[in-house]
Amino acid sequence: MSRTHVRSGIALCAVLLVAACSYKEKASDAGGLAYAEGAAAAVGDANGALLAYEHTVGVQLDRAAIAPRLQAIRSACSDARFGTCTLIEAQQSAGDWPQARAVMRMAPDAIEPMIALAAEGGDTGERSTRAEDLAVVVRDNTTEQDRLTKEMARLQAFEARGDLSVADMIALSERIAAAEAQLEAAAREGARYRQRIDTQLLTVQLRGRDGEQGRSEIGAAFREFGATLATGTAWTIRATAFLLPLALVGFILFAALRALWRRRRRG
């Protein structure tokens, strides 16, 4: 093997070793800067938290208003009437107890107007809000992307050299491809975190009023009266047919014991 190949192989190993160790270097000299840049671009609180909010609200409406209200919510979301909105889920069930559900990812300023639209003419029941702090995962993701970017720059600079052997070029190409895939995955993950911070999740549950549900149950009972009566009559007939032989045997035994007891009394 020529000295040129030996030197190029040593240089390639050195570059790959430096790239593998760049994460520790990044954490020590540039981690704080990456976190500060990520925090400045996100919605956070005074303590530096990067919060991802999720809201759930229940609304009671007249049964006839549930389907039109779900359609109104979907239209307001698709038209971005109150701001950026993406409809994630919309479902509806009919019958005696109709209900509907809509899940949306929205701009923070659009949450309250959408809740007001959902509750118009109805009663707002339970409502909950939860927040998850993503500051640590955003910081780690930003640090990882920066590390991979630096590694790509080092590898590409080494790739530009003209004294590499075929084996070195193959190994270097494989390492570059792996770094590119890792960087793309980290970027996608960072985009998901950013979306969760910049927008908020809203779940709206639409249900019929409690009074209507009670009246519906009474109406259902009246509608099922005939079927219930027929079922009860059938079970009564079956029970009578099953118990009649037992009752007959019991009567015979009772009569025999009573006759025996009377004879003993007379004797």
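This is a guided tour of the model, stop by stop, with what to select at each one.

**Before you start**

This is a predicted model, in which local features need pLDDT of at least 70 and side-chain atom pairs count only at pLDDT 80 or more, while totals for chains, interfaces and linings use all residues. Residues are numbered from 1 along each chain as its sequence is written, and side-chain values use heavy atoms, with hydrogens and water left out.

**Stop 1: the whole chain**

Show the cartoon. The protein chain has eight helices and five strands. These are DSSP runs numbered from the N terminus: helices are H or I with at least four residues, strands are E with at least two. Along the sequence the pattern reads α-α-β-α-β-β-α-β-α-α-β-α-α. Of the 267 residues, 28% count as buried. Buried means under 20% relative accessible area, exposed over 50%, and partly exposed in between (1.4 Å probe, protein chains only).

**Stop 2: His 55**

Select His 55, in strand 1 (residues 51-61). His 55 is buried because its relative accessible area is 9%. Show its polar contacts, meaning N or O atoms within 3.5 Å; within protein, one must be able to donate a hydrogen and the other to accept it, and residues adjacent in sequence count only if both atoms are side-chain atoms. The His 55 side chain makes one with the side chain of Thr 129 at 3.0 Å. Another, of 2.7 Å, joins it to the side chain of Gln 200. Now widen to contacts, meaning heavy atoms within 4.5 Å. Leaving aside neighbours within four places in sequence, the contacts of His 55 include Ile 111, Ser 128 and Leu 202.

**Stop 3**

Leu 61 counts as buried because its relative accessibility is 1%.

**Stop 4: the largest nonpolar core**

A nonpolar core is a set of buried Ala, Val, Leu, Ile, Met, Phe, Trp, Tyr and Cys residues joined through side-chain atoms within 4.5 Å. The largest one holds 23 residues; Ile 73, Met 104, Met 106, Met 114, Leu 202, Val 204 and Leu 206 touch the most other members. Strand 1, helix 3 (63-78), strand 3 (99-106), helix 4 (111-119) and strand 5 (200-208) each supply at least two residues of this core. Helix 4 gives the largest share, six residues. Centre on Met 114. Beyond its neighbours within four places in sequence, its contacts include Ile 73, Phe 82, Met 104 and Leu 202.

**Stop 5: salt bridges**

The whole structure has eleven salt bridges. Each is a side-chain nitrogen of Lys or Arg within 4 Å of a carboxyl oxygen of Asp or Glu.

- Select Arg 101 and Glu 89: their closest N and O atoms are 2.8 Å apart. Arg 101 is in strand 3 and Glu 89 in strand 2 (residues 85-93), twelve residues apart.
- Select Arg 196 and Glu 132: their closest N and O atoms are 2.7 Å apart. Arg 196 lies in helix 6 (residues 166-198) and Glu 132 in strand 4 (residues 123-133), so the pair ties together parts 64 residues apart in sequence.
- Select Glu 144, Arg 147, Glu 151 and Arg 175: salt bridges link them in a network.

**Stop 6: Leu 246**

Finish on helix 8 (residues 225-266), where Leu 246 is found. Leu 246 is exposed because its relative accessible area is 55%.
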